[in-house]
Amino acid sequence: MTKLKKNQSNSIQDNNSPWEFWAPILMTIALYSGIRHFVAEARYIPSGSMLPSLQIQDRILIEKLTLSRRPPKRGEIVVFRSPFSFDPVLSNNNNSPSFLQCTIVNFPLVSFLTRLRHPACDAYIKRVVAVSGDKVVVNSLGEVLINNSKTYEPYVSKLCIMPNSNIGACKELRVEVPSHHVLVLGDNRQNSWDGRFWPGGAFLPEKEIIGRAVWRFWPFNRVGLLHQ
């Protein structure tokens, strides 16, 4: 009887080992990180650069599998790494943080520590308006012409109001998109920091794209697929 009690005591001690506590937590974090890195993740909209398509504080789902198999298409809404991480002018002037630092500050459990954030760790959301090989003109109103044909953009209602100007939000652009790059603009053409203004160049490298914004899940009264 005494021996049986002793074995039971040892079993209880084994079950209360640190590994029994931490293993499920670590496995959960690993699974979440894997899904977030390779499959999909949730994001929120912090600014009005995509109005009226996306409102401030909207919650959206970013899926990552599609663009791992093909390049982006015109009209798709994409989330990408901050220009402070890939723009040669911005990255050279801002002491870019390490990949590990950005991973830590973007993890939900610590993302509230904004004092640790660096602009190179942020993500941006814009719409693809032109792809590799396109000859593009963005006029003074913010309208897009590809190969001299005006692009149909029913999602754009906030055009620039400063005609024939190269300053402010209505900067004109005449470019040809290089290979493995895209041109992205905000739907709110009068208030969006996008390819028109990046000091190192207008183009977003495809490798910097995190994924496509496909679904709005908050607020409930506007839940649904995002228009592409």
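This is a predicted model: local features need pLDDT of at least 70, side-chain atom pairs count only at pLDDT 80 or more; totals for chains, interfaces and linings use all residues.
1. The structure holds 13 salt bridges.

2. Arg127 is buried, with a relative accessible area of 1%, and Asp187 counts as buried at 0% relative accessibility.

3. Arg189 and Glu153 also meet through their side chains in a salt bridge, at 2.8 Å from N to O. This pair links distant parts of the chain, 36 residues apart: Arg189 is in the loop between β9 and β10, and Glu153 is in the loop between β7 (149-150) and β8 (173-176). Arg189 counts as buried at 0% relative accessibility, and Glu153 is buried with a relative accessible area of 12%. Elsewhere, salt bridges with shared partners join Glu63, Arg70, Glu76 and Arg212 into one network.

4. The largest nonpolar core has 15 residues, and those with the most contacts inside it are Val78, Phe80, Val182, Val184, Leu204 and Ile209. At least two residues of this core come from each of β3 (77-81), α3 (83-86), β4 (123-130) and β9 (181-185). A second, separate core of 12 residues includes Ala130, Val144, Val177 and Ala202. In soluble globular proteins, nonpolar side chains tend to be buried together.

5. Leaving aside residues up to four places away in sequence, Val78 touches Leu67, Tyr124, Ile125, Lys126, Val128, Val184, Leu204, Ile209, Gly211 and Arg212. Among these partners are Val184, Leu204 and Ile209, which are also listed among the core residues with the most contacts.

6. Lys126 lies in strand β4 and is buried, yet has no salt bridge. The nearest side chain of opposite charge is that of Asp194, 5.3 Å away; Lys126 therefore makes no salt bridge with Asp194, because such a pair must lie within 4 Å. The Lys126 side chain does make polar contacts with two serine side chains: that of Ser49 at 3.1 Å and that of Ser192 at 3.0 Å. Beyond residues up to four places away in sequence, Lys126 touches Ser49, Met50, Glu76, Ile77, Val78, Phe80, Val184, Leu185, Gly186, Ser192, Trp193 and Asp194.

7. An open sheet is formed by 4 strands in the order β7-β6-β5-β8, with antiparallel pairing. Strands β7 and β8 are at its edges, each pairing on one side only. Strand β5 (residues 135-138) runs antiparallel to β8 and is joined to it by 4 bridges. Val137 has Arg174 of β8 as its bridge partner.

8. Ile45 is located in the loop between β1 (40-44) and β2 and counts as buried, at 2% relative accessibility. The C-alpha atoms of Ile45 and Gln55 are separated by 6.9 Å, although the two residues are 10 residues apart along the chain. Apart from residues up to four places away in sequence, Ile45 touches Leu54, Gln55, Ile56, Gln57, Asp58, Ile60 and Ile125.

9. For the chain as a whole, there are 5 helices and 12 strands. Of its 228 residues, 40% count as buried. Among contacts with a separation of 6 or more, 67% are between residues 24 or more positions apart.

Definitions and conventions:
Residues are numbered from 1 along each chain as its sequence is written. Side-chain values use heavy atoms; hydrogens and water are left out. A nonpolar core is a set of buried Ala, Val, Leu, Ile, Met, Phe, Trp, Tyr and Cys residues joined through side-chain atoms within 4.5 Å. Buried means under 20% relative accessible area, exposed over 50%, partly exposed in between (1.4 Å probe, protein chains only). Contact means heavy atoms within 4.5 Å. Lys and Arg count as positive and Asp and Glu as negative; His and the chain ends are not counted. A polar contact is a pair of N or O atoms within 3.5 Å; within protein, one must be able to donate a hydrogen and the other to accept it, and residues adjacent in sequence count only if both atoms are side-chain atoms. Two strands pair if DSSP finds at least two bridges between them.
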